[in-house]
Amino acid sequence: MRIIRYAKEGSTQLAAVNDQDQIFTLPQSDFLALIHEADALETTPLALVLKTIDSSEPLADQIEQLQLLVPIEAPEVWAAGVTYERSRDARNYEATEGRLDASTFYDKVYDAVRPEIFFKSTAARTVGPGGEVQLRSDSVWQVPEPELGLVLNAKGNIVGYTIGNDMSCRDIEGENPLYLPQAKVWKRSCSLGPAIRLAETVEDPYNLQITSLIYRDGEKAVEGTASTGQLKRKLEELTEYLIRDNELFEGTVLLTGTCIVPPNEFTLAHGDRIEIEISGIGTLVNHVVSAGR
Ligand code: DO4
Ligand code: MG
């Protein structure tokens with residue numbers, strides 16, 4: 001069962017989407033209200049949704065006909081890094097100008113007990129499905145990072161799964177790892193959506209297929225696939241470090257790192273279309289615009 005938000009007559013509507021892609025409107029104002037209500041009733045979010053939609057009719061609209069919004073206005077988005085071998089190798093390439101024999105911080109963090117976790121975004125910097133992600137004007141090597149996103153409650157428990165795009169500047173980070181915040185955080189450098197899959201409906205989060213496509217002038221320019229089975233770390237390992245001595249705001253999203261990196265010669269350009277699909281969650285589509293648009 002997935003939860004979406006869409007624009008309706010100048011307002012927002014919460015809805016549930018079942019595995020047959022039928023859409024049922026929900027009375028709660030947003031995803032967190034659904035979680036709170038389930039907690040108050042000492043039931044699960046899935047049981048509450050099933051009870052709510054039991055006697056209701058699905059919408060006549062298909063999901064493509066709705067103007068989807070970011071499924072949760074996450075107060076903070078954090079991200080884990082170098083959680084897949086592919087990401088470690090890509091960082092090594094950009095940090096060592098291709099001298100892959102050099103041992104780097106990335107090798108160390110890949111094997112370290114403590115994972116890399118960094119602050120990625122706020123609600124105001126994050127766009128939703130169909131939205132425009134923006135390029136930095138001072139970078140010539142920019143890529144999307146397709147990632148599984150964990151939707152967390154204030155205790156750090158995973159209440160849902162979504163898709164995130166951790167837009168990144170490979171040249172800025174490669175120049176100096178201390179530039180990481182600038183390589184990762186700027187206006188519209190993060191996207192989330194199109195849905196949140198309720199955690200209790202995901203049988204095995206380590207068996208999700210991720211596919212990323214980038215289209216330029218209507219033609220497929222880059223394609224990549226991966227599985228969350230390739231993750232080096234357990235999801236709870238990441239959430240445990242995030243909450244340690246921290247104050248977590250409910251609805252925080254933790255991106256779990258990328259396993260798909262475009263070929264080294266590729267950089268995003270204005271007009272590109274990015275599609276990230278994760279099995280059971282949906283496809284997050286975003287359009288790329290130059291800085292200042
Ligand atoms: O080490 C820098 C960031 C890594 C990252 O964002 C990722 O692996 O997804
Ligand atoms: Mg990333």
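1. Ile-210 has Ala-226 of S15 as its bridge partner, and this pair belongs to the antiparallel pairing of S14 with S15, which are joined by eight bridges; strands here are DSSP runs (E, at least two residues), helices are DSSP runs of H or I with at least four, both numbered from the N terminus, and two strands pair if DSSP finds at least two bridges between them. S14 and S15 make a hairpin with two residues between them, and in the turn Asp-217 has a positive phi of about 50°. S14 also pairs with S17, again in the antiparallel sense, over six bridges, with Glu-275 in S17 as the bridge partner of Leu-213.

2. The model is predicted, so to speak of provenance: local features need pLDDT of at least 70, side-chain atom pairs count only at pLDDT 80 or more, and totals for chains, interfaces and linings use all residues. Residues are numbered from 1 along each chain as its sequence is written, chains are lettered from A and ligands numbered from 1 in the order in which they are written, and side-chain values use heavy atoms, with hydrogens and water left out.

3. The domain assignment, which is automatic or taken from a database, gives domain 1 (2–69) and domain 2 (76–289). Their centres, taken over C-alpha atoms, are separated by 26 Å, and the contact (heavy atoms within 4.5 Å) takes 14 residues from domain 1 and 14 residues from domain 2. About 1200 Å² is buried between domain 1 and domain 2, with 66% of that area given by carbon and sulfur atoms; buried area is the accessible area, with a 1.4 Å probe, that two parts lose on being put together, summed over both.

4. The largest nonpolar core has 41 residues, and Leu-150, Tyr-161 and Leu-268 have the most contacts inside it; such a core is a set of buried Ala, Val, Leu, Ile, Met, Phe, Trp, Tyr and Cys residues joined through side-chain atoms within 4.5 Å. Among the elements that give two or more residues to this core are strand S10 (146–152), strand S11 (158–166) and helix H7 (235–243). A second, separate core of 29 residues includes Phe-31, Val-70, Ala-79 and Leu-198.

5. Strand S5 is largely enclosed by the rest of the structure, because six of its six residues are buried, where buried means under 20% relative accessible area, exposed over 50% and partly exposed in between (1.4 Å probe, protein chains only). Glu-76, Trp-78 and Ala-80 point one way from S5, while Val-77, Ala-79 and Gly-81 point the other way. S5 runs antiparallel to strand S6 (residues 116–122), with six bridges, Glu-76 standing opposite Thr-122; S5 also pairs in the parallel sense with strand S16 (residues 253–255) over three bridges, and Val-253 is the bridge partner of Val-77.

6. Thr-126 lies in strand S7 (residues 126–127) and counts as buried at 14% relative accessibility. Its side chain makes a polar contact of 2.8 Å with that of Ser-121, a polar contact being a pair of N or O atoms within 3.5 Å; within protein, one must be able to donate a hydrogen and the other to accept it, and residues adjacent in sequence count only if both atoms are side-chain atoms. A polar atom of the Thr-126 side chain also lies 2.7 Å from the backbone oxygen of Thr-122.

7. Arg-136 sits in the loop between strand S8 (132–134) and strand S9 (142–143) and is buried, with a relative accessible area of 18%. The side chain of Arg-136 makes a polar contact of 2.7 Å with that of Asp-138 and reaches the backbone oxygen of Gln-182 at 2.7 Å.
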